[in-house]
Amino acid sequence: MTKTALITGITGQDGYYLSHLLLNHGYRVVGLVPPHREPNLAKLGPLANLVEIYTVDLRDSVALLTAVEQLRPQEIYNLAAPSFVPDSWNDPLGTLDLITGTATRILEAIRQVGLSTRFYQASSSEMFGDVFCSPQDENTPFRPKNPYAAAKLHAHWTMVHHRQRYGLFACSGILYNHESPLRSPQFVTRKVSLAAASIKLGLADTLEMGNLDAKRDWGFAGDYVEAMWLMLQIDEPEEYVIGTGKLHSVRDLVSTAFECVELDWQRYVVINTNLLRPDEHFQLVANPSKAKTNLGWETQVSFEEILEKMVQADLERLQSGAIAPATNSQRVSIQHNNANQ
Ligand code: NAP
């Protein structure tokens with residue numbers, strides 16, 4: 001029997017890689033897309049012809065219930081979110097409604113329709129927030145520091161409550177930063193890959209950065225969607241911390257990206273003291289042991305390979321005129337301890 005999977009946030013980075021993975025596993029893939037965001041389906045490229053799109057307002061409980069009733073999915077992946085954390089300060093209520101509201105509405109739809117649909121919630125390492133120990137695992141307390149993280153935590157607990165009270169197969173991945181050529185240019189990895197490619201092609205001459213000593217746990221999006229899928233294939237629904245367990249500094253990020261285009265980063269990087277952040281005592285870094293043991297999950301793509309993919313993709317896009325070169329005026333995020341950025 002062909003399995004049906006519904007995905008919210010199908011037009012995002014993870015939506016793309018997850019659709020690809022599910023199609024390869026023979027699923028019927030249906031994206032739940034709000035009417036006003038349909039123009040963004042172009043981001044799926046040729047994949048748009050291989051998935052189905054169901055137009056639905058994610059704020060409409062009845063419409064979501066109807067979608068679940070009609071499509072009768074075996075699996076639902078709830079990925080939709082305004083994922084650029086600083087934006088959540090501009091619209092805390094909208095952030096809460098989309099992130100927590102959508103999770104709650106879908107869980108309620110599954111419960112009310114009475115299906116055995118398996119549900120995945122896209123939780124975030126941002127929920128750990130103001131960390132006081134490293135690395136973090138599934139037992140580390142949550143101390144969210146911004147509206148995005150608070151909304152993700154509320155959605156996370158709602159998922160746990162629906163599992164405990166109603167016996168739904170509901171689980172979540174507490175994912176650390178994961179990147180790919182599809183990462184939005186608002187994020188620091190993409191800012192750096194785009195700058196390295198732009199400078200290589202003579203389309204830009206400097207890259208403005210803040211604290212080069214800040215460290216992150218960066219993985220590859222393609223590996224992380226595999227973890228999402230694996231969580232829904234085992235017998236027990238649980239929470240899983242998903243990250244590489246390895247830290248790299250922003251300096252590593254810059255030097256590796258510039259190495260991809262055979263340039264010496266120190267000739268091009270300018271430190272903007274306005275972008276400097278206070279040093280972090282404890283680092284946000286995963287202990288993915290539980291995922292390794294229970295899911296058999298391992299990262300496949302190294303930090304260097306991620307950057308190689310990203311820089312190559314940006315070189316090709318710039319050469320074809322598909323995107324504009326880097327500028328220094330973009331707001332970027334290194335996603336963590338940047339609460340007021
Ligand atoms: P992304 O590339 O920013 O994609 C976000 C998706 O959510 C897009 O499909 C976007 O639609 C949709 N969306 C945003 N605002 C919306 C709104 N108001 N109404 C309906 N849909 C909306 O994010 P991602 O990297 O794929 O991340 C997937 C999920 O994992 C998100 O929930 C994110 O918070 C979470 N997460 C990501 C990371 C990471 O490092 N990537 C880490 C931890 C957790 P449009 O295309 O129309 O904008």
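Biologist: Which atom of the ligand does a backbone N or O atom of Leu79 lie 2.7 Å from?
Modeller: An oxygen atom of the ligand. Bear in mind that this is a predicted model, where local features need pLDDT of at least 70, side-chain atom pairs count only at pLDDT 80 or more, and totals for chains, interfaces and linings use all residues. Residues are numbered from 1 along each chain as its sequence is written, and side-chain values use heavy atoms, with hydrogens and water left out.

Biologist: OK. What about Asn40 and Ala81?
Modeller: Asn40 has a polar side-chain atom 2.6 Å from an oxygen atom of the ligand. For Ala81, a polar backbone atom is 3.1 Å from a ligand oxygen.

Biologist: How much of the ligand's accessible area does the protein cover?
Modeller: 87% of the 890 Å² that the ligand has on its own; accessible areas come from the Shrake-Rupley method with a 1.4 Å probe.

Biologist: And which elements give two or more residues to the shell?
Modeller: Those are α1 (13–24), β5 (118–124) and α4 (147–166). The largest share, 3 residues, is from β5. Helices (H or I, at least four residues) and strands (E, at least two) are DSSP runs, numbered from the N terminus.

Biologist: How many residues surround the ligand, and which are the closest?
Modeller: 27, and the closest are Thr11, Asn40, Lys43, Ser83 and Tyr148.

Biologist: Switching topic: is His178 buried or exposed?
Modeller: Buried, with a relative accessible area of 9%; the cut-off for buried is under 20%, with a 1.4 Å probe and protein chains only. His178 sits in strand β7 (residues 178–179).

Biologist: What does the His178 side chain reach?
Modeller: The backbone oxygen of Tyr176, at 2.8 Å. The side chains of His178 and Asp14 are also joined by a polar contact of 2.7 Å. Such a contact is a pair of N or O atoms within 3.5 Å; within protein, one must be able to donate a hydrogen and the other to accept it, and residues adjacent in sequence count only if both atoms are side-chain atoms.

Biologist: Now the largest nonpolar core. Which residues touch the most other members?
Modeller: Leu22, Tyr77, Tyr120, Met209, Ile242, Val254 and Phe258, out of 69 residues. Helix α6 (residues 221–231) gives the largest share of this core, 8 residues. A nonpolar core is a set of buried Ala, Val, Leu, Ile, Met, Phe, Trp, Tyr and Cys residues joined through side-chain atoms within 4.5 Å.

Definitions and conventions: Near = heavy atom within 4 Å. Buried < 20%, exposed > 50% of the residue type's maximum accessible area, 1.4 Å probe, protein only.
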